[in-house]
Amino acid sequence: MISFLIIVHELGHVLMAMIQKIKVKSIYLYPLGGVTKLDMPLNTKPLKELLILINGPLFQCIAYYLLMKILPNEKDLIIQYHRNILYFNLLPIYPLDGGKILKLFLEIILPYQLSLKRTIQISYLTTGILFIQCPVKKINTYIMLIFLLSLIKKEEKKINIIYQKFLLERVNNHYNFRKSKIISDNKSFYRNKKHIIKDGEKYYLEKEYLEKKYHKIHKNY
């Protein structure tokens with residue numbers, strides 16, 4: 001039952017990704033959930049990513065109702081497994097679904113790089129609270145929390161690399177964002193906005209500014 005719920009949950013993400021013609025790189029399955037890795041541009045519209053994220057819990061709920069019909073005598077157990085997996089995946093811990101949804105909402109109000117950092121900080125805080133509240137005898141829960149900490153740490157180390165990839169996508173592709181914002185440095189780019197960069201007394205269009213920046217880096221190498 002646990003495996004069925006987890007697999008259907010991840011298939012929900014995969015199906016929506018395929019509908020949007022986004023390549024699935026890999027799927028990792030864990031005791032209380034999974035992580036689907038997608039080959040998706042970092043500048044993808046937030047709504048597209050949100051649809052992929054919520055489709056996992058939606059498919060799990062469908063699987064839950066199917067199990068309830070097929071195995072009515074196991075009702076209490078099915079409810080317990082379903083709730084544990086669903087609540088676990090919706091925790092605001094990156095890279096779980098809840099952490100990714102949190103990051104999407106932070107990106108609405110914060111620059112992209114800062115939203116990554118805040119997501120990681122909230123992930124650490126949430127995991128720490130769960131450690132404190134976890135009963136001493138729940139060894140399996142402690143192991144899972146330690147595993148989550150290792151995932152968070154891994155994602156934290158990639159923040160600068162991810163942000164550079166985010167900027168390079170803007171250099172190499174044309175994105176038609178409706179909203180615009182004036183910023184003063186390349187660390188304040190927002191995900192769903194185009195930018196005008198103020199450098200001293202001069203103003204630069206986003207693509208012009210980024211091409212100039214990465215041309216200098218290329219020359220140094």
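## Helix α2

The buried residues of α2 are Glu49, Ile52, Leu53, Asn55, Gly56, Pro57, Gln60, Ala63, Tyr64, Leu67 and Met68, where buried means under 20% relative accessible area, exposed over 50% and partly exposed in between, with a 1.4 Å probe and protein chains only. Their cover includes α1, β2 (33-39), α3 and α4. Helices (H or I, at least four residues) and strands (E, at least two) are DSSP runs numbered from the N terminus, and contact means heavy atoms within 4.5 Å.

Helix α2 spans residues 46-70, 25 residues in total, and reaches 37 Å from its first C-alpha to its last, close to the 36 Å expected at 1.5 Å a residue; the expected span is 1.5 Å times one less than the number of residues. At asparagine 55 the helix α2 bends by about 25°, and proline 57 follows within four residues. The bend is the angle between axes fitted to the seven residues ending at a position and the seven starting there.

## Basis and confidence

This is a predicted model, in which local features need pLDDT of at least 70 and side-chain atom pairs count only at pLDDT 80 or more, while totals for chains, interfaces and linings use all residues. Residues are numbered from 1 along each chain as its sequence is written, and side-chain values use heavy atoms, with hydrogens and water left out.

The average pLDDT, the predictor's confidence in each residue from 0 to 100, is 89 for the protein, and 96% of the residues score at least 70. Over residues 217-221 pLDDT stays under 50, and the model has 0 contacts beyond four places in sequence for them. Where pLDDT is low, the predicted coordinates should not be read in detail.

## Backbone exceptions

Lysine 21, in the loop between α1 (2-19) and β1 (23-30), has a positive phi of about 60° although it is not a glycine. Proline 95 lies in the loop between α3 (75-89) and α4 (97-109), and the peptide bond from tyrosine 94 to proline 95 is cis, with omega near 15°.
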